[in-house]
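Could you walk me through this model in the viewer, one selection at a time? I would like to know what to click on next and what is there.

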Amino acid sequence: MREHETPLTVRFNEVDSYGVAWHGHYVAWLEVGRNDLAGRFGLDAAQIGELGYLAPVVDLELSYRRPARFNEELRIMTTARRTETATIEFATRILGADGTLCARGRTVHALTDRDGVLQYRLPPAVGERLERLLAWTEGA
């Protein structure tokens with residue numbers, strides 16, 4: 001699968017007293033990569049909102065492999081996966097400057113209208129954009 005690369009530098013405020021990036025920031029970095037990729041296809045949080053929908057995270061997995069450190073250049077590698085339900089799934093690898101895996105994550109997003117009503121089918125505008133994103137990740 002094709003991955004979208006988002007460069008990111010670990011900032012001083014993201015480092016904890018151990019001198020490494022605090023674990024909670026990795027979740028935010030997943031979001032940075034996800035919105036960067038999704039935005040290219042009209043599916044970032046603001047763009048989905050403009051269509052009248054929300055895409056809250058309903059499942060999150062994150063595995064830590066190696067700590068990131070202050071001022072380290074990271075590469076957030078994000079792709080999307082097909083699902084059998086009306087959800088959007090992203091998979092992410094956070095790589096250090098030397099290419100080693102710092103963390104691996106996955107998020108699943110349900111789709112609701114602005115009132116929080118769960119959508120059991122993707123609305124056409126969202127489905128078309130998602131299909132373009134998935135075609136890109138699959139190299140089609």
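A charge counts as sitting over a ring if NZ of Lys or CZ of Arg is within 6 Å of the ring centre and within 35 degrees of the ring normal. Keep in mind that this is a predicted model. With that in hand, select Arg40 and Trp136: Arg40 lies over the face of Trp136, 5.1 Å from the ring centre.

Next, turn to the aromatic pairs, of which the structure holds four. Start with Phe12 and Phe70, an edge-to-face pair at 5.7 Å centre to centre, with 90 degrees between the planes. Phe12 sits in the loop between strand 1 (4–9) and helix 1 (24–39), while Phe70 is in the loop between strand 3 and strand 4 (73–81), so this pair ties together parts that are 58 residues apart in sequence. Colour by accessibility if you like: Phe12 is exposed, at a relative accessible area of 65%, and Phe70 is partly exposed, at 45%.

Now select Tyr26 and Tyr64, another edge-to-face pair, with 5.1 Å centre to centre and 90 degrees between the planes. Here helix 1 supplies Tyr26 and strand 3 supplies Tyr64, so the pair links parts 38 residues apart in sequence. Tyr26 counts as buried at 2% relative accessibility, whereas Tyr64 counts as partly exposed at 40%.

Val57 is partly exposed, with a relative accessible area of 42%. Together with Val27 and Leu60, Val57 forms a nonpolar surface patch with about 210 Å² of accessible area.

How values were computed
Residues numbered from 1 in each chain as written. Predicted model: local features only at pLDDT ≥ 70, side-chain atom pairs only at ≥ 80, totals over all residues. Heavy atoms only, no water. Patch = residues over 30% accessible without salt bridge, like charges linked within 9 Å, V, L, I, M, F, W, Y side chains within 5 Å. Areas by Shrake-Rupley, 256 points an atom, 1.4 Å probe, with all protein chains shown as cover. Salt bridge = Lys/Arg side-chain N within 4 Å of Asp/Glu carboxyl O. Buried < 20%, exposed > 50% of the residue type's maximum accessible area, 1.4 Å probe, protein only. Phe/Tyr/Trp six-rings, centres within 6.5 Å; stacked < 30°, edge-to-face > 60°. Helix = DSSP H or I, 4+ residues; strand = E, 2+ residues; numbered from the N terminus.
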